[in-house]
Amino acid sequence: MMPIKIKTAEEIEKMRVAGRLAAEVLEMITPQVQAGITTNQLDQICHDYIVNVQGAIPAPLNYHGFPKSICTSVNHQICHGIPNDKKLKEGDIVNVDITIIKDGYHGDTSAMFTIGETSIRAKRLIEICYQCLWLGIAEVKAGKRLGDVGHAIQRHAESLNCSVVQEYCGHGIGLAFHEEPQVLHYGSPNTGILLEEGMIFTIEPMINVGKRHIKLMPDGWTVVTKDHSLSAQWEHMVVVTAEGAEVLTLRNGEVPFQVQKKV
Ligand code: MF3
Ligand code: CO
Ligand code: CO
């Protein structure tokens, strides 16, 4: 196994820039995520913005053969959905996952969007998943362990009768898209690797309304729930500090979240 790279102050500064750019793509695309637009159109708009406005590189494009610049995962799609010519429609939920490369360093973040009025169960799932993300982030601090992060996420999701996808996880990130460590979204307290200042990784829980099991579609990328239940995902990129987590992909107006237990 490759060792976990501890980032220098200079590298952390570059990751702040990359994280901010990835967040800005989500901010830019937000008003476009509406009924009637196709995920291919969202991909095209993001691609052009990343390349022409940000002077950055869309990391997914050609990554292990991925054909598009962003991932769009709709309804029962869990992650790695490939943008296509199908229009988003009233009631859909969609994850848009953005990864950019700037000055060699990766910024990775994703968010959920609702199209028009969606079901109460869909809104609840999205909210629970967002709480899971922030409960995981709240565990991050030098001296804690990765199992603490996974446990906080799993405990919350399962206490509300949702399930946690286990086959995909968060990841270290920097000069490479996916580095050590693997950040599982389940686990036991006080287990796993010890967090050290200067580690940078993503937390990106995938939470299902139904069972946790997955199926990979014949396109080789799109991951869906085996029982076709709805799935949600949110993703932030964090750096470990002595005081806690510095979130590198905060969007405008997004405040470090106080989890309210009522859903
Ligand atoms: N952005 C995804 C992640 O959070 C990875 C997408 S890989 C791709 O790790 F090839 F599907 F783009
Ligand atoms: Co990621
Ligand atoms: Co991502």
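This is a predicted model: local features need pLDDT of at least 70, side-chain atom pairs count only at pLDDT 80 or more; totals for chains, interfaces and linings use all residues.

User: What do the buried residues of H1 pack against?
Analyst: The buried residues of H1 pack against H2, strand E4 (93–102), strand E5 (105–114), E9 and strand E14 (236–240). Contact means heavy atoms within 4.5 Å. Buried is under 20% relative accessible area, exposed is over 50%, and partly exposed lies in between (1.4 Å probe, protein chains only). Helices (H or I, at least four residues) and strands (E, at least two) are DSSP runs, numbered from the N terminus.

User: Ok. Which residues of H1 are buried?
Analyst: Glu11, Ile12, Met15, Ala18, Gly19, Leu21, Ala22, Ala23, Val25, Leu26, Met28 and Ile29.

User: How far apart are the end C-alpha atoms of H1?
Analyst: They are 31 Å apart. The 21 residues should span 30 Å at 1.5 Å a residue, which agrees. The expected span is 1.5 Å times one less than the number of residues.

User: And at what angle do H1 and H2 cross?
Analyst: Roughly 135°, with the axes of H1 (residues 9–29) and H2 (residues 39–53) coming within 10 Å. That makes H1 oblique to H2. Angles under 35 degrees count as roughly parallel, over 145 as roughly antiparallel, 65 to 115 as roughly perpendicular and the rest as oblique. Axes are lines fitted to C-alpha atoms, for helices over the stretch in contact, and angles run from 0 to 180 degrees between N-to-C directions.

User: Left-handed or right-handed crossing?
Analyst: H1 passes H2 right-handed. That label applies if the near helix is turned clockwise from the far one by less than a right angle; anticlockwise is left-handed.

User: Which residues meet there?
Analyst: From H1, Glu24, Val25, Met28 and Ile29; from H2, Leu42, Ile45, Cys46, Tyr49 and Ile50. Ala, Val, Leu, Ile, Met, Phe, Trp, Tyr, Cys and Pro count as nonpolar, Asp, Glu, Lys and Arg as charged, and the others, Gly among them, as polar.

User: Next pair. How do H3 and H4 cross?
Analyst: The axes of H3 (residues 120–138) and H4 (residues 146–159) come within 8 Å and cross at roughly 155°. H3 and H4 are therefore roughly antiparallel. This crossing is right-handed.

User: Which residues make that contact?
Analyst: H3 brings Ile128, Gln131, Cys132, Leu135 and Gly136, and H4 brings Val149, Ala152, Ile153, His156 and Ala157. They divide into seven nonpolar, three polar and no charged.

User: How many residues of H4 are buried?
Analyst: Ten of its 14, so H4 is largely enclosed by the rest of the structure. Among them are Leu146, Asp148, Gln154 and His156. The buried residues pack against H3, strand E6 (163–164), strand E8 (179–183), strand E9 (200–203) and strand E10 (206–208).

User: Now the backbone. Where does the chain take a positive phi just after H4?
Analyst: At Asn161, with phi about 65°. Most residues other than glycine have a negative phi, and most peptide bonds are trans.

User: So which peptide bond is cis?
Analyst: The one from Glu180 to Pro181, with omega near 0°. Pro181 sits in E8.

User: What's the phi of Asn62?
Analyst: Near 70°, a positive value. Asn62 lies in the loop between strand E1 (57–58) and strand E2 (71–74). Its relative accessible area is 61%, so Asn62 is exposed.

User: And Asp103, what phi?
Analyst: Near 55°, also positive. Asp103 is in the loop between E4 and E5. At 55% relative accessible area, Asp103 is exposed.

User: Last one. Which residues does Asn190 contact?
Analyst: Arg145 and Asp148, leaving aside neighbours within four places in sequence. Asn190 is in the loop between E8 and E9, and counts as exposed at 59% relative accessibility.

Conventions
Residues are numbered from 1 along each chain as its sequence is written. Chains are lettered from A and ligands numbered from 1 in the order in which they are written. Side-chain values use heavy atoms; hydrogens and water are left out.
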